[in-house]
Amino acid sequence: MTDTSASYTLETLGFDPSWQGSAIRAAFTIGGTLDDFTLARVSAVHRTRCELLTCERGELVKLSAPLRPVENDYGEEEYPVVGDWVLTQPIPGTGSNSQPSEHKPLAILPRRSYLTRPSATRESADQPVAANVDMLCIVEPCFPEPSIGRIERYTALAHASGVQVALILTKGDLVTAEQLAGYEDSLAGGVDAVLTVCTDNGYDPAPVAELVAGRTAAFLGRSGAGKSTLVNALLNPGADPREDAAENRVQATSAVRDADGKGRHTTTSRQMIVLPGVEG
């Protein structure tokens with residue numbers, strides 16, 4: 001379970017003093033002061049809607065908004081992506097005593113970083129991954145054998161955006177110690193950190209939690225790599241990752257095939273999750 005006694009602030013979501021000036025300028029540009037708007041961060045993007053997170057009186061507050069183009073700092077309209085900071089206002093006529101008002105994002109603050117990756121078909125524009133990311137965590141399984149090409153592509157994406165990159169090798173218990181040492185040595189080039197974890201049998205998330213503490217980190221990897229299991233363990237330290245109790249899960253997970261170690265694709269949306277006791 002997460003720590004419900006924690007006191008949350010915008011700093012918990014990654015805000016720092018340098019964002020303040022950007023927020024004040026954005027508010028002035030759209031005809032108001034910062035007090036006229038709610039400052040929030042985009043936490044999830046769906047087909048027609050996006051979810052926002054802000055803080056009130058020490059608590060995280062979730063807001064819902066229609067997914068529409070918003071003016072950025074260049075005066076151009078674009079869709080918000082996960083990780084964006086936005087200025088919003090309630091939409092008149094929405095909400096009730098039991099439901100909060102819907103919000104309308106009115107401005108996107110200037111992005112510090114913007115991660116994209118090529119579309120699956122290679123025929124459409126690049127797909128946004130996240131904005132304002134400090135670190136890209138490439139999640140790659142030790143079994144089947146790690147893909148050097150995939151790691152190099154994701155590392156290039158991070159470097160192109162000025163983002164730190166870490167390689168997290170999962171399922172380290174499925175290979176020999178010699179194989180694991182070889183992977184750690186051969187795949188370390190170009191990345192800022194390499195960690196190996198085992199996502200079964202009492203996985204300890206502490207090393208990964210320490211790695212991402214104070215940062216906004218994006219986890220990227222192929223299906224079956226263990227991303228969802230990793231996030232679940234970070235959110236619920238000490239919980240059995242194989243436990244099926246719904247309250248111990250925020251990301252769906254599924255078993256891999258015994259024959260080739262490949263998993264079924266279980267997570268299709270991009271979502272920002274606040275880890276208990278971790279700012280950024």
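Author: A hairpin joins β1 to β2 through three residues. This is a predicted model: local features need pLDDT of at least 70, side-chain atom pairs count only at pLDDT 80 or more, and totals for chains, interfaces and linings use all residues. Residues are numbered from 1 along each chain as its sequence is written, and side-chain values use heavy atoms, with hydrogens and water left out.

β1 covers residues 38-45 and β2 residues 49-56. Strands (E, at least two residues) and helices (H or I, at least four) are DSSP runs, numbered from the N terminus. Two strands pair if DSSP finds at least two bridges between them. β1 and β2 run antiparallel, joined by four bridges. A44 stands opposite E51 of β2.

β2 also runs antiparallel to β3 (residues 59-66), with eight bridges. E56 has E59 of β3 as its bridge partner. Two residues lie between the strands in the hairpin of β2 and β3. There R57 takes a positive phi near 50°.

Now the cysteines. C50 has 1% relative accessibility, so it counts as buried. Buried means under 20% relative accessible area, exposed over 50%, and partly exposed in between (1.4 Å probe, protein chains only). C55, at 17%, counts as buried too. A disulfide is a pair of cysteine sulfur atoms within 2.5 Å. The count by this rule is zero.

P105 lies in strand β7 (residues 103-108). With a relative accessible area of 8%, P105 is buried. Contact means heavy atoms within 4.5 Å. Leaving aside neighbours within four places in sequence, P105 is in contact with A65, P66, V70, V86, L87 and T88. V86 is 19 residues from P105 in sequence, yet the C-alpha to C-alpha distance is 6.1 Å.

Next, the other parts of the chain. Strand β11 (residues 164-170) pairs with strand β12 (residues 193-196) in the parallel sense, over four bridges. L169 stands opposite T196 of β12. With helix α3 (residues 177-186) between them in the listing, β11 and β12 make a right-handed β-α-β unit. Right-handed means that, with the strands pointing away from the viewer, the path from the first strand over the helix to the second runs clockwise.

A nonpolar core is a set of buried Ala, Val, Leu, Ile, Met, Phe, Trp, Tyr and Cys residues joined through side-chain atoms within 4.5 Å. The largest has 21 residues, and L136 and I138 touch the most other members. β9 (127-131), β10, α2 (148-160), β11, α3 and β13 each give two or more residues to this core. Another core, of 18 residues, lies apart from it and includes L13, A27, V82 and M272.

Helix α5 (residues 227-235) is mostly covered, with eight of its nine residues buried. Its buried residues pack against β10 (135-141), β11, α4 (206-212) and β13 (217-220).

Last, the totals. The chain has five helices and 14 strands. Of its 280 residues, 41% are buried. Among contacts with a separation of 6 or more, 64% come from residues 24 or more positions apart.
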